[in-house]
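Dear colleague,

Please find the structure below for your files.

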Amino acid sequence: MTDPIHSSSQEARNRQLVIDFYRHVFDARNPAAVKDFVAEDYRQHASHVASGRAGLEAFVAETFRGLPPLSVKPDLMIPPAFIVAEGDMVVIAGEFPQPEPEDPTRTYPFFVFDAYRVRDGKLVEHWSGINKIAPPKPPRP
């Protein structure tokens, strides 16, 4: 039987790992920080990023190419809509408003979901809710 006290404290550490990963890597625009949070054998399930820690480092470097690094802040630049941890899994969602296709002066809420598996205090696997960026299409009758 799982010890609920140990489990909940481990889950809290896993949540904090994901938050710190975003703060140090993406918010600070720092591909070199990937090694502090991600295992060498990191497995990527999003088609736009190569597997392995080196693949993630390359993705972060390309994403912020030409932009200066920023200092690490105590809080996330975009607070998560929610973050949930259970066992070795953490799911985080953020809202990234997108321009309305018919009226670019307005936006609609667009949510991005990321799920991570944690092993020994490092991120080892990732799933993303985005593979191709495209506006949602209405259902057909």
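A residue is called buried when its relative accessible area is under 20%, exposed when it is over 50%, and partly exposed in between, with a 1.4 Å probe and protein chains only. By this definition, 33% of the 141 residues in the protein chain are buried. Please note that this is a predicted model, in which local features need pLDDT of at least 70 and side-chain atom pairs count only at pLDDT 80 or more, while totals for chains, interfaces and linings use all residues. Residues are numbered from 1 along each chain as its sequence is written, and side-chain values use heavy atoms, with hydrogens and water left out.

The protein chain contains three helices and seven strands (DSSP runs numbered from the N terminus: helices are H or I with at least four residues, strands are E with at least two). Read from the N terminus, the order of the elements is α-α-β-α-β-β-β-β-β-β.

Five of the strands form an open sheet in the order β1-β7-β6-β3-β2, with mixed pairing; two strands pair if DSSP finds at least two bridges between them. Because β1 and β2 (82-86) stand at the edges with a single partner strand each, one side of each is left without a neighbour in the sheet. The strands β1 and β7 (residues 122-128) run parallel and are joined by three bridges. R43 has E125 in β7 as its bridge partner.

The largest nonpolar core has 23 residues, and F21, Y22, V25, V38, L56, Y116 and L123 have the most contacts inside it. Such a core is a set of buried Ala, Val, Leu, Ile, Met, Phe, Trp, Tyr and Cys residues joined through side-chain atoms within 4.5 Å. With seven residues, α1 gives the most to this core. Leaving aside neighbours within four places in sequence, V38 is in contact (heavy atoms within 4.5 Å) with F21, R53, L56, K122 and L123.

The structure also holds nine aromatic pairs. Rings of Phe, Tyr and Trp (its six-membered ring) pair if their centres lie within 6.5 Å; planes under 30 degrees apart count as stacked, over 60 as edge-to-face and the rest as tilted. The ring centres of F21 and F26 are 5.7 Å apart and the planes stand at 90 degrees, so this pair is edge-to-face. Both F21 and F26 are buried.

Yours sincerely
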